[in-house]
2 protein chains.
Amino acid sequence: MDNLLIIGGSDAGISAALRAREVAPSCSVTVMLADDYPNYSICGLPFFLSGEIPDWRALAHRTREELLRQGIRLLPDHKATAVRPEEKIVVVSSSSGGKTLSYDRLILATGAASRKPGHIKGLDTPGVFFLRWMADSFAIAQHIERNTPTSALIIGNGYIGMEMADALTRRGLAVTLVGHSQHVLKTVDPTLGRLVLAELERNSVRVASGVDVEEIGVRDGRLMAIGSGGFQAQVDLVLVATGAEPEVGLAKSGKVPLGYGGAIKVNRRMETGVPGIFAAGDCVETWHRLLEKSLYLPLGTTAHKQGRIAGENALGGRKEYAGTLGTQVLKLFDLAIARTGLNDAEARLEGFSPLTVETECWDHKNYYPGAHRLHIRVTGDRTTGYLLGAQIIGHWQTGVAKRIDVFATAIFNRMKVEEVEQLDLSYTPPLSNPWDPVQMSAEAWCRTAYQ
Amino acid sequence: MDNLLIIGGSDAGISAALRAREVAPSCSVTVMLADDYPNYSICGLPFFLSGEIPDWRALAHRTREELLRQGIRLLPDHKATAVRPEEKIVVVSSSSGGKTLSYDRLILATGAASRKPGHIKGLDTPGVFFLRWMADSFAIAQHIERNTPTSALIIGNGYIGMEMADALTRRGLAVTLVGHSQHVLKTVDPTLGRLVLAELERNSVRVASGVDVEEIGVRDGRLMAIGSGGFQAQVDLVLVATGAEPEVGLAKSGKVPLGYGGAIKVNRRMETGVPGIFAAGDCVETWHRLLEKSLYLPLGTTAHKQGRIAGENALGGRKEYAGTLGTQVLKLFDLAIARTGLNDAEARLEGFSPLTVETECWDHKNYYPGAHRLHIRVTGDRTTGYLLGAQIIGHWQTGVAKRIDVFATAIFNRMKVEEVEQLDLSYTPPLSNPWDPVQMSAEAWCRTAYQ
């Protein structure tokens, strides 16, 4: 009988465990996790901190009892410190002391860690936080409750920075958002970035772009951040949200080869370079379906999919991961901001001949109440006509997320932009137009490309 | 120089005219229409009658001036009475007398007419209405304004019946909905039909299914409808919404061959059987992408697409219509009800080996406020694994319409159900789950099919 050991109790690890029990109900599945929070939705942390979700316990995808009922053995508060593939054991330190655990098959789902930018001094000053795990979230919540801060500085103008600017503003704090890049949310193109900036400013977030924070210190009992170009901010709380890096210490201890961006190298079956060891989620490189090569793109959706495949294959399956398109959506105040595939600059770097066309249109027939404007950018290849990517911004209740999913489904199937026009999409005046915005934007692209 | 004549000024006709002017700016394009309302959104009529759209003028997709600016010549109040292909002329009766118009190429976009069920006596009683064109809509609106009816009977429990039950209820009338079929909205399966019925009843619509109305008369100054099984209803307004049939009188006059369901026979280039004559929209049979044969499926989205192709090909293009999947969505009070592809019964009739699995899940992570339940039915082929169809019901602001579009895009690309699970769809807790409901329902199908 197989003895499957999984290290990591977040999205990838638990997905692997559940799938393993599904395909081989007789196998022994153990999930070891460093903290005491198996299967929590870390994507939900900003919404807990904003106050929209009053009780953090609601963030559990499944309760501990549900996991146990699936026949999964849980080892919380167990930190794996080394893997020894020759002996098929993992060395563990837990609150009750050190030990080793043996395995037949091992899945590494160790996730990612917050990146700690080396050039910023004073990151260990009390009141400076990161956000990745439940414990980070509790620390921030406790700081807010105990010290009732009235202002916050967020360092990093990417996804987490945006979500936390929204969250802390809702929580009543005056938020300053500072970032290295010249435009906020550089995962979308600058013309859309300007709409994101406007939404931040409309909600009283002070935004400073193109600034490197250099030092965080304490002045007059408050935190003082100093950065390039004379940037200064005196606040009561600092959140550093400058990205994530794969957690690979354990992989290294077992000489598991690394790949793109220092993440664990895996093939599409989620096998690492060491026989018997699989890996999935934010600690691995990820196959990009369009580029047909691996990148580092840590996302919750991907972690779930890869985890499931690792769980199945660790018990003898031969499933292949279909690949990511980097599909993402973010809610920021009243906006949803979504993208899939490649933008113009990325496509050019990869050797395509991209053309990107921006369209603005109503989300539904504007004679019906409540219509909003959508801004859509479609990127296609001039030479082949293939759809490469799309970006959409609009009110969060106007189908932005599911419209990006139509694009994602089209790219997944390698459609040409002109074929997107021909899709048979649904229409009723309160919900769309006879040509859905997805199709209007594809049509605008074709008009530009083929005239 | 080409002289293109288009008969019909609704979705297909105007789409054809606009496309013709786009591809050949030097050609002469004339659109002849029987009424005085070119390019009106007849899909919007229920929302005008409900009062949600106060001014009917807002229903114009484009104003008359915009059409003229595109170089389109409009002939309103011109009713074509015969086509003579040998002479390339159309015989016309207009308010200013009869005449003939010649053409080089002709597009028939004559639309559909309300079906008048022959077995119901008294359909010409004052107070009995149909709903298809602007004039129908004005007649109903006038009746409501002049006579302030307090109750209405709707005959027909399909799409238009549903929309009008909603509209007249909003308008303050007590509505009875009666239909021949045993379940309301038989375009969705009975388990979903029950949810539709519950929504109607929750909004105080009295529903009688499996009833044939036999006679409409007048009693005590009000309308009295009598039907099978002792059905009786005394009301102030009757709307007959028992479907549409292709308007083909003109086609017949020119010996243009008919096809499926008596609609004009066309190939995928929208050519009829008579050289030089094209046809598009609700008057033609429609190529079904999955079945690879033609059916009669009149829909606004299809009319726009076919019109555009007819317009391009009438001027020498060779474009092919990609085909319909019958994708539809309907808003009924707080619900959206959508479908695409085939349901179980239809798939079986067509020789597939269908399996249909129903799933119920949250539209987004239920820890975030405002989550609603979605009911999704996925139909796939047991033998091949291909996705054949999907149906979704849920709150109208939960992405039902765009989620059916993801399914429609998947079917358009002939995906297997298990591939749908692997799509890279977007996720943020306020808008979805790590596995979108589309994928959860695909996964449930696979679990049933492959266990």
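A crossing of two helices is termed left-handed if the near helix is turned anticlockwise from the far one by less than a right angle, and right-handed if it is turned clockwise. The model is a predicted one, in which local features need pLDDT of at least 70 and side-chain atom pairs count only at pLDDT 80 or more, whereas totals for chains, interfaces and linings use all residues. Residues are numbered from 1 along each chain as its sequence is written, and chains are lettered from A in the order in which they are written.

In chain B, α1(B) passes α8(B) in a right-handed crossing, helices being DSSP runs of H or I with at least four residues and strands runs of E with at least two, numbered from the N terminus. The axes of α1(B), residues 11-23, and α8(B) come within 7 Å and cross at roughly 35°, where axes are lines fitted to C-alpha atoms, for helices over the stretch in contact, and angles run from 0 to 180 degrees between N-to-C directions. Among the residues making the contact are A16(B) and A20(B) of α1(B) together with A303(B) and G307(B) of α8(B), contact requiring C-beta atoms, placed from the backbone, within 7 Å.

Between the chains, 56 residues of chain B are in contact with 56 residues of chain A. On the side of chain B that touches chain A, at least two residues each are supplied by α8 (300-314), β21 (328-332), β22 (335-341) and α10 (400-412) of chain B, and the largest share, ten residues, comes from α10(B).

Definitions and conventions. Two residues are in contact if their C-beta atoms, placed from the backbone, lie within 7 Å.
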